[in-house]
Amino acid sequence: VRVDAVMQTELLFIDGLTSVGEALRQMRTSGVSSLVIEKRHEGDEYGFLTVNEIAARVIAVGKPLERTAVYEVMDKPVLTIASGMQVKYAVRLLVELNRRRALVTSDAGLLGFVSLRDLVWSYAEAGDG
């Protein structure tokens with residue numbers, strides 16, 4: 001099974017200057033727990049923000065939601081993996097790098113993202129385990 005068969009293709013983007021409070025409102029309205037942070041320019045990299053980062057890097061340390069910018073707490077650069085990579089290798093890579101998710105790319109650009117949970121479930125469903 002390849003990563004492109006498992007990835008989630010609905011990506012929600014946000015600007016890094018947006019407040020964490022606004023990011024949470026967008027997550028809640030859209031029913032998602034993560035956002036991709038837009039590139040600022042051609043040579044830039046994508047960022048990624050999840051509810052977990054907000055909990056650990058904002059709420060747990062007492063930062064104000066409305067006065068903390070997304071760029072202050074996001075993960076950047078984000079691990080990217082090729083859409084054609086086999087799921088078992090993607091799992092290995094995420095585990096070795098202690099990551100829970102990765103953006104999926106191809107020559108055409110950003111395609112989606114995968115979580116370690118979804119990769120493991122798809123591997124087990126395929127009967128490779």
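Tutor: We begin with contact, which means heavy atoms within 4.5 Å; helices (H or I, at least four residues) and strands (E, at least two) are DSSP runs, numbered from the N terminus. This is a predicted model, in which local features need pLDDT of at least 70 and side-chain atom pairs count only at pLDDT 80 or more, while totals for chains, interfaces and linings use all residues. Residues are numbered from 1 along each chain as its sequence is written, and side-chain values use heavy atoms, with hydrogens and water left out.

Student: Which residues of helix α2 are buried, and against which elements do they pack?

Tutor: An α-helix has 3.6 residues a turn, so residues three or four places apart point the same way. In α2 (residues 51–59), Glu53, Ile54 and Val58 are buried, that is, under 20% relative accessible area with a 1.4 Å probe and protein chains only. They lie on the same side of α2 because they cover an arc of only 95° around the axis, taken from the directions from the helix axis to the C-beta atoms. These buried residues pack against α1 (20–30), β3 (47–50), α3 (70–73) and β5 (101–106).

Student: How many bridges join β5 to β6?

Tutor: Two strands pair if DSSP finds at least two bridges between them. Here six bridges join β5 to β6 (residues 109–115), and the two strands run antiparallel, with Ala102 opposite Val114 in β6.

How values were computed:
Buried < 20%, exposed > 50% of the residue type's maximum accessible area, 1.4 Å probe, protein only.
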